[in-house]
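Hi there,

Here is the structure I promised you.

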Amino acid sequence: MHRVVALVHAPQSTFELACAAEVFGIERPGIPRRYAFGVCAEHPGPVATRAGYDMLVTDGLDALGRADTVIVPGWLPATEAPSPAVIRALRRAHRRGARMLSICSGAFVLAHAGLLDGRRATTHWALADELATRFPAVRLDPDVLYVDHGDVATSAGSGAGIDLCLHVVRTDQGAAYAAQVARNMVMPPHREGGQLQYAAPAHPAQFDGSLAPLLAWTSEHLDDPVGVDDLAARAGVSARTLARHFADQLGVSPGQWLLAQRIGVARQLLESTDLPLDAVARRAGLSSATNLRRRFLRALGTTPGAYRRAFRTAPRTDKPL
């Protein structure tokens with residue numbers, strides 16, 4: 001059982017804590033439980049929340065020493081530095097091998113602990129300038145929903161905490177398990193684009209309609225040789241105009257979105273079938289096993305064969321690849 005511990009701090013954001021608790025702490029019928037979830041505070045006892053009530057926290061900082069993953073689900077006010085005791089506890093947990101996650105303003109705590117120095121990180125778009133000014137050693141990316149380095153990960157504002165937590169589950173347990181959790185939460189297992197789509201004002205030349213119909217059609221034809229020009233033709237716009245629509249509505253280019261969908265299909269097929277790599281590549285619209293390996297390695301940092309061995313959910317019926 002993977003142990004997840006959230007470090008809370010008054011006044012605690014109930015939603016950001018709930019992001020972590022909902023993903024890692026809920027026992028769901030029909031879904032094997034893989035995580036044990038707990039909460040700790042520097043000073044155990046009643047901890048005030050932003051919602052106007054106190055919650056009782058019984059564990060102190062020593063709980064971080066038993067955690068496999070530590071989460072800082074927000075830290076308000078963001079300008080308040082954590083105590084030396086908190087910083088020491090976080091650094092010890094990280095040195096011991098615990099994975100460190102932050103949600104929203106929690107990035108400031110990881111930055112104070114020096115865990116983000118020289119690394120790309122993110123936080124809520126409204127706090128980005130403050131983080132960049134106070135911690136110039138951090139390579140701030142204010143657009144993305146989350147940044148994951150494996151041992152340390154940061155997420156953007158509140159709702160992006162769910163994106164990061166589901167990403168961690170997908171990394172730990174595979175896409176199929178993460179999809180079960182997301183489906184139970186009535187959430188998408190993965191959101192496209194960055195937080196800029198939520199922070200930026202509407203574009204003056206806003207697209208007349210949603211991209212949703214085009215995205216839905218494309219998702220059903222990923223095994224066809226569909227490219228960006230084909231998407232533009234189906235939408236009845238030029239490739240340049242389509243790129244602007246994608247940037248406005250999703251925060252990514254059409255090519256990036258298309259490749260992400262195809263990698264997602266390949267992951268599902270690798271997890272749930274024994275299809276040869278050439279067949280997986282064709283069904284995902286990646287044309288060949290060679291292209292699949294190249295795209296997979298660049299996107300995920302591993303090979304299709306290694307991914308299949310790590311996350312297979314279907315019984316094997318063929319010879320090893």
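This is a predicted model: local features need pLDDT of at least 70, side-chain atom pairs count only at pLDDT 80 or more; totals for chains, interfaces and linings use all residues.

**Helix α10 and what follows**

Residues are numbered from 1 along each chain as its sequence is written, and side-chain values use heavy atoms, with hydrogens and water left out.

Helices (H or I, at least four residues) and strands (E, at least two) are DSSP runs, numbered from the N terminus. Helix α10 spans residues 239-249, and its buried residues are Thr 241, Leu 242, His 245, Phe 246 and Gln 249. They sit on the same side of α10 because they cover an arc of only 140 degrees around the axis. That arc is taken from the directions from the helix axis to the C-beta atoms. Buried means under 20% relative accessible area, exposed over 50%, partly exposed in between (1.4 Å probe, protein chains only).

**Ala 121**

Ala 121 belongs to strand β7, residues 120-121, and is buried at 0% relative accessible area. Leaving aside neighbours within four places in sequence, its contacts (heavy atoms within 4.5 Å) include Leu 116, Val 138 and Thr 154.

**Cysteines**

How many disulfides are there? Zero, counting pairs of cysteine sulfur atoms within 2.5 Å. The sulfur of Cys 40 is 15 Å from the closest cysteine sulfur, in Cys 165, which is too far for a bond. For Cys 165, the nearest cysteine sulfur is that of Cys 19, 6.6 Å away.

Cheers
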